[in-house]
Amino acid sequence: QKMARGLPKKKQPIEGVKQVIVVASGKGGVGKSTTAVNLALGIKEVRKDKMVGVLDADVYGPSIPRMLNLTGPAFLNEAKQIVPLSNYGIKCMSMGFMTDNNAPIVWRGLMVMSAIQNLLRQVAWAPLDYLVVDMPPGTGDTQLTLSQTLPIDGVVIVSTPQDIALLDARKGAEMFRKVEVPVLGLVQNMSVFHCPKCGHDTHIFGKDGTKSLAEEMQLETLGDIPLDIDIRETSDSGKPVVVSNPDGPQAKAYVDLARRV
Ligand code: ADP
């Protein structure tokens, strides 16, 4: 917090980018990146003529390159801007394109901040109708600084229905509210496992916890995504479910989410 106070507070838009949608989570591993990528692809699906980009601001564990089957390095154009990589009609930029895949990254706070600023502002994003930002998990300086320096049109908070995740999701929503960034609502992820063999539904992380939190905080439930092997496998293989099986129920869940943002 101390560090964020020292930085300029003036919000500066990214040239040529019309709307910024942030995907955040309180806790790691709840499916934030998976949601961000499928949401971006869903927006592209719903609004076909629009230009969509994804910024992987999770510099500690960039996972978007793999999900979009992209590998760096990224190169500079003549204007010395970093050229985003593209796949499935989506422009993408990630710290994963700037470093060796196998090298562990040891970041310190200020380095993270300047890395993200570079990924936002030194990249040839334009023209873009939607930039989906995959935030790092949590409510630290990165989230705070981004909220204070970038005009954000809306935040989507992803949580599983598990108590421990909800606690952190609530903190996240409260932080964004405090800095007057509009929270569009919550996405309940990994809500239910439907057994393909016996047809039984199991609520592995609890039932409807995220929906209850949304109601309590007077936020919308923007999506309800099951715990589903296709979602996991298609993300891991670099062809997310919205593009690999666009007519399936999993893709529909993300496209419905895209319609709400
Ligand atoms: P985060 O960005 O919150 O750390 P990820 O999106 O990387 O989380 O997801 C963590 C793991 O869970 C990944 O292996 C991903 O494929 C898997 N996953 C995410 N959402 C789902 C889902 N709805 N069903 C099955 N697996 C999921």
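Pro73 sits in the loop between helix 3 (64-67) and strand 3 (85-87); helices (H or I, at least four residues) and strands (E, at least two) are DSSP runs, numbered from the N terminus. The model is a predicted one, in which local features need pLDDT of at least 70 and side-chain atom pairs count only at pLDDT 80 or more, while totals for chains, interfaces and linings use all residues. Residue numbers start from 1 along each chain as its sequence is written.

Another cis bond runs from Ala126 to Pro127, with omega near -10 degrees, and Pro127 is in the loop between helix 4 (109-121) and strand 5 (128-134). Most peptide bonds are trans, and most residues other than glycine have a negative phi. Asn69, which is not a glycine, has a positive phi of about 55 degrees. Asn69 lies in the loop between helix 3 and strand 3 and is partly exposed, with 13 other C-beta atoms within 10 Å. On this scale a residue is buried if 20 or more other C-beta atoms lie within 10 Å of its own, exposed if 12 or fewer, and partly exposed in between, with C-beta atoms placed from the backbone. Met190 also has a positive phi, near 60 degrees, but is buried, with 25 other C-beta atoms within 10 Å.

Met190 belongs to the loop between strand 7 and strand 8 (193-194). As for strand 7 (residues 183-189), 6 of its 7 residues are buried, so the rest of the structure largely encloses it. Strand 7 pairs in the parallel sense with strand 6 (residues 154-159) over 5 bridges; pairing requires that DSSP finds at least two bridges between the strands. Strand 7 also runs parallel to strand 10 (residues 221-225), joined by 4 bridges. Gln188 in strand 7 stands opposite Ser159 and has Asp224 as its bridge partner in strand 10.

Then there's the ligand, surrounded by 19 residues, the closest being Gly31, Lys32, Ser33, Thr34 and Arg232; a residue is near if its C-beta atom, placed from the backbone, lies within 6 Å of the molecule. Helix 2 (32-46) and helix 8 (229-236) each supply at least two residues of this shell, and the largest share, 4 residues, comes from helix 8.
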